[in-house]
Amino acid sequence: MSAAITFSKYGAPDVLALSDVPLPQPGPGQVRVKVRATAVNPIDLKLRSGELASVMPLEFPFTPGNDVAGVVDEAGEGAGFSPGDEVFGAVHGGAYSEYVLLDEAFAKPAELSFETAAAMITVGETAYRALEHLHLSPGQTLLVHGAGGAVGAIAVQLAVARGLTVIGTAGEHDFDRVGKLGATPVRYGEGWAQRVRDAVPGTVDRVLDTADAGVLADSIALTGDAERVITIADLSFAEHGVRFTGLDPADRFPQALPLLADLVARGDLDVPVWRTFPLAQAAQAHAEIEAHHAKGKVVLLP
């Protein structure tokens, strides 16, 4: 047996509990990883609360978490790794655990801590995937809603590195950081669209919504086409004809993870870790995120 965080009903953070679960056994091509760090992502909170129950119903008991960084404990035939190797990778639920099976593991750069490796997986892949779907070209202008958030900040950095002009909506408390990442910060909230127009010398070519702040209609008006807008957060996307990315596990870019890890290891991509908690304090970690404006990722340490 091993320990994992599970919940058996939707609700507040206190539905999360430390439980005994069977020790997973690796099959061909899989590795069993002794988890050293796993990140807490907004989707974990939405799954726990039941906010996504209509589109992503869960079977209880459920163990949340998608991001794994740790040490190979046992390797299945043909896995390509050996016990003791430091790896990272993504799962579709189940990462809030002592041990996790990875179907596709990647070697963790030695320069990357376990905490940072775990912190960059979901947010980095999400930002990378969204930019790929938007089919951007150097010289174009991208508007990122929620540029001060974890996904938004990475999207800003990746977009700037691709030669894009980036505008980022954010709270004034995030203006300094968003500006240092290379974007022009614009205050979110009522009147944001006009403030963007005032800040952009030409047109807005594409929009990435990471904020779920009811911005899709005005974003379409800015770009002139719903196909130029993508969201990872607003479940009203279908009403606007906007693409949503993230609900379908097949719609992922795991091949981006080694690239992202190398960027972080070289110091070319910043993924700050705000706080860490022991695995047993997952409920407290969720509560802290809901109560405060996080300045980076929250990571659980089994």
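Predicted model: local features only at pLDDT ≥ 70, side-chain atom pairs only at ≥ 80, totals over all residues.

I started with α1 (42–49) and α9 (residues 282–291). Their axes come within 11 Å and cross at roughly 105 degrees, so I put α1 and α9 down as roughly perpendicular. Axes here are lines fitted to C-alpha atoms, for helices over the stretch in contact, with angles from 0 to 180 degrees between N-to-C directions. Helices (H or I, at least four residues) and strands (E, at least two) are DSSP runs, numbered from the N terminus.

Residues are numbered from 1 along each chain as its sequence is written, and side-chain values use heavy atoms, leaving out hydrogens and water.

Which residues meet where α1 and α9 touch? I found Asp44, Leu45 and Arg48 on α1 against His286, Ile289 and Glu290 on α9, where contact means heavy atoms within 4.5 Å. By class, I get 2 nonpolar, 1 polar and 3 charged residues for α1 with α9. Nonpolar covers Ala, Val, Leu, Ile, Met, Phe, Trp, Tyr, Cys and Pro; charged is Asp, Glu, Lys and Arg; the others, Gly among them, are polar.

Next, burial in α9. Ala282, Ala285, His286 and Glu288 are its buried residues; buried means under 20% relative accessible area, exposed over 50%, and partly exposed in between (1.4 Å probe, protein chains only). Down the axis of α9 they fall within an arc of 160 degrees, so they line one face of the helix. The arc is that of the directions from the helix axis to the C-beta atoms. Their cover includes β1 (2–6), β3 (31–40), α1, β14 (273–278) and β15 (297–301).

Just after α8, Gly267 has a positive phi of about 85 degrees.

The contact involves, among them, Val123, Gly124 and Leu131 of α2 and Ile154 and Leu158 of α3. By class it has 10 nonpolar, 2 polar and no charged residues.

Phe60 and Pro61 are joined by a cis peptide bond, omega about -5 degrees, and Pro61 sits in the loop between α1 and β4 (67–75). His135, in the loop between α2 and β8, has phi near 50 degrees, positive in a residue other than glycine. At 61% relative accessibility, His135 counts as exposed. Asp212 is not a glycine either, yet its phi is positive at about 55 degrees. I located Asp212 in the loop between β11 (206–209) and α6 (216–223), and at 35% it counts as partly exposed.

Notes
Parallel < 35°, antiparallel > 145°, perpendicular 65-115°, else oblique.
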